[in-house]
Structure formats: structure tokens, C-alpha cells
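Here is a short report for a reader who is new to this structure. Please look at the sequence and the model first, then read on.

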Amino acid sequence: MSRLIDADELKERFCEENCGKNRCVDHMDKCAWILSVEESKTVFDVDKVVEQLENYLFEKYCIEGDTAIDEIVKGGGIE
């Protein structure tokens, strides 16, 4: 099972719980765990998802250039 997480929040929480917020910031680039999070693949390519949605909407409904798609996918939804 895959799920999306906020990697920046995860790294920040890890630092706060394990090294103390101020000290960890200075050493974040050397922390093996943080580096493994940085190097991990994402579950999906956001730009590819946006492109596929735009292509689908154009083919199905002749909708072109809808900027809301980009905002929804990259922003995690709409309010």
C-alpha cells in the first residue's frame, strides 16, 4: 500500500524529536535518515498527473487550459 506524506513535515518532526530543533538544522544534510527521505521516490509525478488530466478533459469535454487542475493537484485539493 502506498500513501502520500509531507516529507518536509516528516523531516522537521524527526529533527524535533531526535536532535532538538535548532541543533538538527545545522546537521540535516549529514543525517542518513533525512538523506534517505530526500532520495526516496514519490508515489506519482505531479506534472505527469496534471498533463494526463488536461489531456483527458480536452479529449472528453474539449476543455483546454484550465488552471484549476494544476492548483488542485499541486495544492492537494480545493477549499
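The secondary structure of this predicted model comes to 5 helices and 0 strands. Read from the N terminus, the elements run α-α-α-α-α. The protein has 79 residues, and 13% of them count as buried. The protein exposes about 6900 Å². Carbon and sulfur atoms supply 50% of that area. Contacts between residues at least 6 apart in sequence were also sorted by separation: 33% of them join residues at least 24 apart.

**Salt bridges**

How many salt bridges does the structure hold? There are 3.

| Residue | Partner | Closest N and O atoms |
|---|---|---|
| Lys-11 | Asp-8 | 3.4 Å |
| Glu-9 | Arg-13 | 3.3 Å |
| Glu-38 | Lys-11 | 1.9 Å |

Take Glu-38 and Lys-11, a salt bridge with its closest N and O atoms 1.9 Å apart. This pair links distant parts of the chain. Glu-38 sits in helix α3, which covers residues 32-39, while Lys-11 belongs to helix α1. The two residues are 27 residues apart.

Now take Lys-11 and Asp-8. Both lie in helix α1. They are 3 residues apart, which is about one turn of the helix.

Asp-8, Lys-11 and Glu-38 are linked in a network of salt bridges.

Asp-8 has a relative accessible area of 55%, so Asp-8 is exposed. Glu-38 counts as partly exposed because its relative accessibility is 48%.

The salt bridge of Glu-9 and Arg-13 is also found in helix α1. These residues are 4 residues apart, so about one helical turn separates them. Glu-9 is partly exposed, with a relative accessible area of 42%. Arg-13 is partly exposed too, with a relative accessible area of 45%.

**A nonpolar patch**

Which residues form a nonpolar patch on the surface? They are Leu-4, Val-43 and Phe-44. Together they have about 270 Å² of accessible area.

Leu-4 is found in the segment before α1, the helix of residues 7-18. Why does Leu-4 count as exposed? Its relative accessibility is 55%, and the cut-off for exposed is over 50%.

**An aromatic pair**

A pair of aromatic rings is described by the distance of the centres and the angle of the planes. Here the count comes to 1 aromatic pair. The rings belong to Tyr-56 and Tyr-61, with centres 6.3 Å apart. Their planes stand at 80°, so the pair is edge-to-face. The cut-off behind that label is an angle over 60 degrees. Tyr-56 is partly exposed, with a relative accessible area of 42%.

**Putting it together**

The model holds 5 helices and 0 strands. Asp-8, Lys-11 and Glu-38 make up a salt-bridge network, and Glu-38 and Lys-11 connect helix α3 with helix α1. On the surface, Leu-4, Val-43 and Phe-44 form a nonpolar patch. Tyr-56 and Tyr-61 form an edge-to-face pair.

How values were computed. Residues numbered from 1 in each chain as written. Predicted model: local features only at pLDDT ≥ 70, side-chain atom pairs only at ≥ 80, totals over all residues. Heavy atoms only, no water. Patch = residues over 30% accessible without salt bridge, like charges linked within 9 Å, V, L, I, M, F, W, Y side chains within 5 Å. Areas by Shrake-Rupley, 256 points an atom, 1.4 Å probe, with all protein chains shown as cover. Salt bridge = Lys/Arg side-chain N within 4 Å of Asp/Glu carboxyl O. Buried < 20%, exposed > 50% of the residue type's maximum accessible area, 1.4 Å probe, protein only. Phe/Tyr/Trp six-rings, centres within 6.5 Å; stacked < 30°, edge-to-face > 60°. Contact = heavy atoms within 4.5 Å.
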